[in-house]
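Q: I'm new to this one. Can you walk me through it?
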Amino acid sequence: MARELWKGNEALAEASVRAGLVAYFGYPITPQTELLEYLSLRMVKLGRAFLQAESELAAINMVYGAACTGVRVMTSSSSPGISLMQEGLSYIAASEVPVVLVDIMRGGPGLGNIQPSQGDYFQVTRAAGHGDFHPLVLAPATVQEAVDLVYLAFDLAEKYRTIVIVVADGNIGQMMEPAEMPPMRKVKKDRPDWALTGADGREHRIITSLELGAERLEALNLRLQKKIARIRQAEVRYQEHKVEDADILIAAFGTMGRISQTAAEMARAKGIKAGVFRPISLFPFPDERLEELSRQVSRILVVEMNAGQMLDDVRLAVGKDFPVEFYGRMGGVVPLPDDVLEVVERIGAELNDEQR
Amino acid sequence: MNNAEEKLVFERPRSLTDAHTHYCPGCTHGIAHRLVAEALDELGLRERTLGIAPVGCAVLAYYYFNVDMAEAAHGRAPAMATGMKRANPDKILFTYQGDGDLAAIGAGEIVHAAGRGENITVIFINNAIYGMTGGQMAPTTLEGQKTTSSPMGRDISIAGHPLRMSELLATLDGAAYVARGSLHDPKHIRRAKKAILTAFKVQQAGLGFSMVELLSACGTNWKMDPVEALGWIKDNMVPYFPLGDYKVTDAVKNL
Amino acid sequence: MAKGRIVIDEGRCKGCELCISVCPPEILVVSSRLNERGYLAVEVMDMDRCTGCSLCAVICPDVCITVYRQVPARSR
């Protein structure tokens, strides 16, 4: 497959089709809508299910229904829409059916705006719904990575019977970049042994998130926690850029990871040894590797398009005694490499003063 | 009686499990369950049917129907059934929903499922009250009816008017078959069964959305004994919620 | 008059008495036996008068009644 120019949202849609997507249910919301629009034609032409729902609430419950039958199903939305989907996500998590969700984040809170933002880190990693659960969360920094991660997301969702959220900001959804599409997979015919397919020659199956007995609900929770522990063990993903000799480590995800890389190069040109640590899996957070790196760098700078959300995970990873700095912009303001460089230079100067 | 032989004329349908229900004595949910199960048996649909249980007293219906079942969030059963049906057009889908589920919190989902002509069957239990949470006012609670959240009786100036869902949904082009029956005596129960059979036949033929509303009793929360409660349906509910077919498209007539 | 017979699954009966309220020959009564779930199950007082009309079974919310009816024997 050759590299072609793809818009992020459309690339995510096409990669999902190629992953064997059977059904898509969604609702228009900027800056995610092109994903829905693309599938409205592509899925129908392939004879697969596409439906524009009456709300995000309905969309996620349509997804829940299809997921109960063991098919590959997804939805996509943006921040306010994800808030509406939280009800369904919690039921899906408890029912342990595989679902892929793409979240193209925009500025919040409230209606906010349609500019790119990373303000929903907490929402996707911590608060995707009521109760004790964490979706598996993957954050691409390029259109190519978005393609690769959403393709992988369907496998991971099935493997762990979990929700996988591919979370990106509006930049990645809207921008065009060269990307190579993965091969077209056949839609799987066989269904897993828990799926609702009709009680033909077997006992009837039930998928529910209700457990009236306290001990039984605790048992369900313990099973979910065990699964989360397995995910923490096996699904940590991150990318490093010039961390080997770094003095200042910039920790940033998604678009900010990429901008920080440019900033780090600019800093190096000025003699400051900067490197970048970019978590790709936001849950599980790559805390062990970050803790390791904290032993070899002098300072960590967390850069986000929010008020400091991943910052909490970084602090948990490195401990309260390690100096962690934060630079963030909100409301849809995307920091330029120069802005990040300025902070890196200030930290660099402070480190120099300390060494004197 | 040498020239006579004994024939089995009424037995438990296969589409019900052997489980004992948690419903109160005299609760008509049990009758509604049986009618749905009989319809699935008679049409030979059990093995390819997927059901959706609601939030409400019938939340555990998945233990009672001997078909594959999922449990929906409150009001979302039509959306869930839509997802299942779109991904599996060869399956038969039914939702089983109460009045709080369908007419209050799930009013959006049911209207759009009907409007789209979603090829699913909805069994709508209207007992004019929230049963599971202990007898609060429902969207179908009658004017003047006392509930734990309308202790002086439903006051229209505060709570507005009860919703007639069958009439409302029948106006939508996607609705192929909408009927209201009642479970207050054997004659009406038999009619309700016919309506349920028709609804599933509509789905089998791919004609669109079908719904059967069933006026039902909640003796416990109405604070009446079971026999009295059936009388209350007849005397109070039927006049406000008239029985009959509200939508029968030509295609359904020709079934 | 048609002749019938019913079998009540007493363990399932919740003693709601709806069957009693609809039985044309009025042959159903509440027994004095508590079933395992603590309900006084309904029983048939006089089976000879059962017509096998099935009204009791049609209205029974707990599907605990099976109905048989005598029909003319088919010629072999």
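Q: Which strands does helix α11 of chain A lie across, and at what angle does it run to β14(A)?
A: Helix α11 (residues 310–318) of chain A lies across β11, β12, β14 (299–304) and β15 of chain A. It runs at about 160° to β14(A). Helices (H or I, at least four residues) and strands (E, at least two) are DSSP runs, numbered from the N terminus. Axes are lines fitted to C-alpha atoms, for helices over the stretch in contact, and angles run from 0 to 180 degrees between N-to-C directions.

Q: What does helix α12 of chain A touch?
A: Helix α12 (residues 337–355) packs on the sheet and touches β11, β12, β14 and β15 of chain A. Its direction makes about 165° with that of β14(A). Contact means heavy atoms within 4.5 Å.

Q: Before we go on, what kind of model is this?
A: This is a predicted model: local features need pLDDT of at least 70, side-chain atom pairs count only at pLDDT 80 or more, and totals for chains, interfaces and linings use all residues. Residues are numbered from 1 along each chain as its sequence is written, chains are lettered from A and ligands numbered from 1 in the order in which they are written, and side-chain values use heavy atoms, with hydrogens and water left out.

Q: Back to chain A. What is the strand order in the open sheet of 5 strands?
A: The order is β10-β12-β11-β14-β15 (chain A), with mixed pairing. Two strands pair if DSSP finds at least two bridges between them. β10 (238–241) and β15 (324–328) of chain A stand at the edges with a single partner strand each, so one side of each is left without a neighbour in the sheet. The twist averages 20° from one strand to the next.

Q: How do β11 and β12 of chain A pair, parallel or antiparallel?
A: Parallel, over 4 bridges. In β12(A), A:V276 is the bridge partner of A:I250.

Q: New topic. How many residues of chain B are in contact with chain C?
A: 34 residues of chain B are in contact with 34 residues of chain C. The area buried there is about 2,800 Å², and carbon and sulfur atoms give 60% of that. Buried area is the accessible area (1.4 Å probe) that two parts lose on being put together, summed over both.

Q: Which side chains meet in a salt bridge there?
A: Those of C:R5 and B:E6, at 2.8 Å, N to O. A salt bridge is a side-chain nitrogen of Lys or Arg within 4 Å of a carboxyl oxygen of Asp or Glu. The rule finds 1 salt bridge across this interface.

Q: Which strand of chain C is joined to β1(B)?
A: Strand β4 (residues 65–72) of chain C, by 6 bridges, and the two run antiparallel. The bridge partner of B:A4 in β4(C) is C:P72.

Q: What order do the strands take in the open sheet of 3 strands?
A: β1(B)-β4(C)-β1(C), with antiparallel pairing. β1 of chain B and β1 (4–8) of chain C stand at the edges, each with a single partner strand, so one side of each has no neighbour in the sheet. Here the twist averages 25° from one strand to the next.

Q: And how many salt bridges lie across the interface of chain B and chain A?
A: The rule finds 3. In one of them, A:E87 pairs with B:R76, with the closest N and O atoms 2.9 Å apart. The area buried between chain B and chain A is about 2,600 Å².
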